[in-house]
Amino acid sequence: MSVLFSGGFWAFVCVVAGIYTILALGLQVQFGFAGLLNFGQVGFMAIGAYTMAILVVKEGWSTWLAAPLAIAAAAAGGLLLGLPTLRLRADYFAIVTIAFSEIIRYVATNDTSLTGGSQGTIALGAVGTASEYNSGWSSFQTHVGHALGISTGDTTMLVIVWVVAIILLTLSWFALRTPWGRVLRAIRDDEDAAASLGKNVFAYKLQALALGAALAGIAGLFYAWEFSFFSPDDFQPLLTFFAWMILLLGGLGRVWSVPVGALVFGFIFAGTRFLNFPPFTWVASDERAYIRLIIIGLIIIVLVVLRPQGLLGKRREMVLE
Amino acid sequence: MSALLEVEDVVRTFGAVRAVDGATFAVEEHSITGLIGPNGAGKSTLFATIAGSLKPTSGRIVFAGTRIDGRPAHRVARAGVVRTYQAARVLTRMSVLENLLLATRAHPGEQLTGVLFRPRAARAHEQRGLERAQELLALVGLESYIHEYAGTLSGGQRKLLDLARVLMVEPTLVLLDEPMAGVAPTLRVQLLEHILAVRRDRGLTFLIVEHDLDFVMQAADRVVVMNQGRVLTAGTPDEVRANDQVVDAYLGTTR
Amino acid sequence: MFLQLVANGLVTGSVYAIAAVGVSLVYGLLRLVNFAYGDFMAFGAFVAFAVNGPLHQSMIVAALAGMAATAALSLVLDVVLWKPMRVRRAGFMSLFLASIGLALVLRQSLLLAAGSAPRSYTVNPYRVFVLGSVRLSDAQVIAIATAAVTIVLVGLFLALTTWGRVLRAMADDRALAAVAGIDVAGATRMAWLISGLLAGLAGVLAAMVEYSFDPNFGFQLLLPVFAAVVLGGIGSAYGALLGGLALGLAQEVSTWSGFAGGVNPVYKPVVAFGVLAVALLIRPQGFFGQARAG
């Protein structure tokens, strides 16, 4: 029970919530703004994380060069996915995007020479060495911590992640209010009508997909830095579904409901660890992990059935149909 | 002098069905041309082909001297040809004002590059759009709805919004698809007056598909009659009205 | 070697085909892409295991039990989840997301109940049938034979029986069929029933062929099955059959050394998606699909 009151644990939960905010924001740009059913968001996260790690470990690049390139790579992944698939009907597109993220995970698992394979980033470098990509980031984090007078790494990370998240949220909010954002919303509303108004629907969708992918890439970077090690199994479709759940929780189409959804989700997910009372104590602790996911599945269902506009959304703006 | 729009031998098939079977006619600049014919004559399909939502199976469509057949809908719209739909297709989850602002052409703010590198031009364009939107809404009598969701408008009001939107684009040729469908008689008069005024004041050209023959006879300078995918005849309303073949086509008398 | 790969492809393909028909029937009727379908298959496989292992029944009894259980689950879920959503006029997105939630619940429940350890049926892994240059295991032969019979039965059902025609008519044009006085509620139950039976069967066959399986294997099957459905054109049962067979064959045959060394077998799932991607580029609605979500 003491963990419940440990500041370090909740700082960690908030860091993860911050990472998910950025991931889900990307999804919001794709679906909430432009109506794209992207179920492969985690694939772009993987591209961001792996590109950075590979460049730092194998090519010896500095973190500060590798990171922007990783984000660009994720965006390029979005373009690559979108070019052949955005003209497909919505349900096919959804299925193809899942296939995309699974292919990414698959390649990462099997192309050991490129990605370290199923062992993860530890195996990125020469055989027999345990590779690390994190040194550049760690020293940066320490500097920031000193400058701000914070002693724990987790709290510093929390500040950094949330500052970045808030900047990205603000930028997205502004973007949505521009005429460009207006076209996106029109496409989401009725893409044929938008086309008859002279808008190049395909180009806009592609931009939304790529920008959302870039955001997922940023989330991937923070994920990599927070955990200092990852493997392909960290990028399962389950994460995409978590991001969708965050959108459902917070409300579709609204930028500032994303962090709300992420925090609620983070606390639900973390909070289910503390089911230290009967009947949950009858069940072994690794089985509690299954129960957590069952609860999450049930919440998704309940949300979709009863409150598809999310906690903060207005029924009138309900975008699910 | 060549016409503004020339449709030459356009064919559009759907599998075995020849919805449009070699249609040829011309629309003169500044005219109001009516396109009539019994159900199934191919009028809507032809409209869709001109507007770019469908590609013709064969044939040419020439607008202001350039071929537009086969161009995608958004490029046809940008060339100056704008169409409306039978059920006024407004963006229901956006406000009336936003519906109009979206209709402007070449808005720098609508491109990401414009947002980032030409903010002042974008703002100026937006301001002009705002002024024109207010003016057009006043024209059609919808000023008080300016910030309402377009989805809350009635059918007739949506038609007016549609008309205002069409005018925002500052098009050259307007394709109206059954503008009178489902419109109350009092509103019909209003709509007719708007169309005539707009043609007079802004020099637009109209091609109108319509079943309401009274309207067509009153409004149109020229009428093109289609039947079974082909153009039966074309001429002034009086000429067409007196034409036996046209009467037969509508009544289905066999010869 | 090539013929062996073709045979393997037919085995894999027929499992995909059976599952794909189940997915397609439900989609055709309810416009529901059932993301939980893979876990239905796993459910069927595990029920069969419980009957075959601890209860020492033969595989036939076990398979039937698995099919029945999955069909029952299917029908119960329709009453408890899908019907309330239909009443609320839920659209494609809502249904898809709900099926994702359901998939989570099902799979984790299965893990909770059965644990993550792999299981196997008590079939003989060593008996081999030899046909010319082709060697097939017991499980593979059973799978092909059962699948072939099932495919023929399903095909006949769809083509000849009233219910079959009703289901196809509704997939084509739901509104029209409803107006024509067709018993929509009955057709829905029929679709879920058949879909559940097929899911259970496909699950058992897949588990038999793979020899060892755990609760996660349903999801691994799900994506190739979806790919088959899309390839065939969503909503078309015949398309699903063809799509499943085509993908299974493509997957296996692509590893043939005659194709410039062949694809590394580890990348077989990627081949399935590659085939789908190319097919969609050429024909965006799939073999027998409609161009727009009708």
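A residue counts as buried if 20 or more other C-beta atoms lie within 10 Å of its own, as exposed if 12 or fewer do, and as partly exposed in between, with C-beta atoms placed from the backbone. Helices (H or I, at least four residues) and strands (E, at least two) are DSSP runs numbered from the N terminus.

The model is predicted: local features need pLDDT of at least 70, side-chain atom pairs count only at pLDDT 80 or more, and totals for chains, interfaces and linings use all residues. Residues are numbered from 1 along each chain as its sequence is written, and chains are lettered from A and ligands numbered from 1 in the order in which they are written.

**Stop 1: strand 7 of chain B**

Select residues 173-177 of chain B. Five of the five residues of this strand are buried, so strand 7 of chain B is largely enclosed by the rest of the structure. Leu173(B), Leu175(B) and Asp177(B) lie on one side, Val174(B) and Leu176(B) on the other, and all are buried, which leaves both faces covered. In a regular strand the side chains alternate between the two faces of the sheet.

Strand 6 (residues 81-83) of chain B pairs with strand 7 of chain B in the parallel sense, over three bridges. Opposite Val174(B) stands Val82(B). Strand 8 (residues 205-209) of chain B also runs parallel to strand 7 of chain B, with five bridges. There, Val209(B) is the bridge partner of Asp177(B).

**Stop 2**

Eight bridges join strand 1 (residues 5-14) of chain B to strand 2 of chain B in the antiparallel sense. Pick Arg12(B) and look across to Val20(B) in strand 2 of chain B, which stands opposite.

**Stop 3: two helices in chain C**

Select helix 9 (residues 217-232) and helix 10 (residues 237-253) of chain C, which pack at an angle of about 125 degrees with their axes 7 Å apart. That makes helix 9 of chain C oblique to helix 10 of chain C. Angles under 35 degrees count as roughly parallel, over 145 as roughly antiparallel, 65 to 115 as roughly perpendicular and the rest as oblique. Axes are lines fitted to C-alpha atoms, for helices over the stretch in contact, and angles run from 0 to 180 degrees between N-to-C directions.

Residues are in contact if their C-beta atoms, placed from the backbone, lie within 7 Å. Among the residues that meet are Pro224(C) and Leu231(C) in helix 9 of chain C, and Leu242(C) and Leu247(C) in helix 10 of chain C. By class, this contact has nine nonpolar, four polar and no charged residues. Ala, Val, Leu, Ile, Met, Phe, Trp, Tyr, Cys and Pro count as nonpolar, Asp, Glu, Lys and Arg as charged, and the others, Gly among them, as polar.

**Stop 4: between the chains**

Show chains A, B and C together. Of the two pairs of chains in contact, chains A and C share the most contacts. Chains B and C do not touch, and their nearest C-alpha atoms are 13 Å apart.

Conventions:
Pairing = 2+ DSSP bridges.
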